[in-house]
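Keep the structure open beside you as you read.

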Amino acid sequence: MGFDADRVLVPVDGSDESARAAEYAVAIAERYDADLHALYVVAERTVRALESGSVTPDTTADETSAALAEVEELAAEAGVGVGMSTSAGFSTKRKLVHPGSVTLDTAEAVGADFIVVPRERAAGTAEVLEKVAEYVLLYASQPVLSV
């Protein structure tokens with residue numbers, strides 16, 4: 001009995017590292033004739049900036065759309081179906097919101113049976129996806145590829 005996947009989830013944030021993870025996710029989806037779901041995880045600093053008014057929702061929406069469009073383009077080139085969503089990986093109102101938990105919640109909601117996460121960023125640029133990777137590697141019930 002071999003491995004099979006119907007939907008691959010990849011959390012992204014617009015970074016080079018998440019773009020690389022998306023490339024792997026597309027390749028896996030293509031290999032297993034699976035669909036892809038890209039989840040844009042909004043970082044804590046962005047959530048706080050939105051709440052304080054120092055960043056406009058339009059700016060955030062443009063950044064989110066650009067990151068998801070890159071994934072959509074990769075998927076289209078490979079002939080892979082793609083779904084997309086966005087989730088805040090932080091909340092000042094709900095204590096249990098974490099970038100990793102929203103990723104696993106999305107995996108459950110979309111029926112993902114494989115997850116690809118970016119593991120590391122350049123030194124000194126720790127951000128949301130490291131938190132996703134750590135949490136997902138610890139708690140996911142699905143197979144996880146950390147790139």
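Helix α5 covers residues 128-139, and at 1.5 Å a residue its twelve residues should span 16 Å (the expected span is 1.5 Å times one less than the number of residues). The end C-alpha atoms of α5 are 17 Å apart, which agrees. Helices here are DSSP runs of H or I with at least four residues, strands are runs of E with at least two, and both are numbered from the N terminus. This is a predicted model, in which local features need pLDDT of at least 70 and side-chain atom pairs count only at pLDDT 80 or more, while totals for chains, interfaces and linings use all residues. Residues are numbered from 1 along each chain as its sequence is written, and side-chain values use heavy atoms, with hydrogens and water left out.

Which residues of α5 are buried? They are V128, L129, E130, V132, A133 and V136, where buried means under 20% relative accessible area, exposed over 50% and partly exposed in between, using a 1.4 Å probe and protein chains only. These buried residues pack against β1, α1, β2, α4 (99-110), β4 and β5 (144-146).

Helix α5 also holds two tyrosines, Y135 and Y139, which are four residues apart and so separated by about one helical turn. Y135 is partly exposed at 25% relative accessible area, whereas Y139 counts as exposed at 54%. A search of the whole structure finds one aromatic pair. In that pair, the ring centres of Y135 and Y139 lie 4.8 Å apart with their planes at 55°, so the pair is tilted (centres within 6.5 Å make a pair; planes under 30 degrees apart are stacked, over 60 edge-to-face and the rest tilted).

Now turn to the nonpolar cores, meaning sets of buried Ala, Val, Leu, Ile, Met, Phe, Trp, Tyr and Cys residues joined through side-chain atoms within 4.5 Å. The largest has 25 residues, and V8, V10, L36 and V116 touch the most other members. Two or more residues each come from β1 (7-12), α1 (16-31), β2 (35-42), α3 (57-78) and β4 (114-117), with α1 giving the most, six. A second, separate core has 16 residues, L39, V102, A107 and V136 among them.

Stepping back, the chain has five helices and five strands, running β-α-β-α-α-β-α-β-α-β from the N terminus. Of its 147 residues, 42% are buried.

Methods
Contact means heavy atoms within 4.5 Å. Rings of Phe, Tyr and Trp (its six-membered ring) pair if their centres lie within 6.5 Å; planes under 30 degrees apart count as stacked, over 60 as edge-to-face and the rest as tilted.
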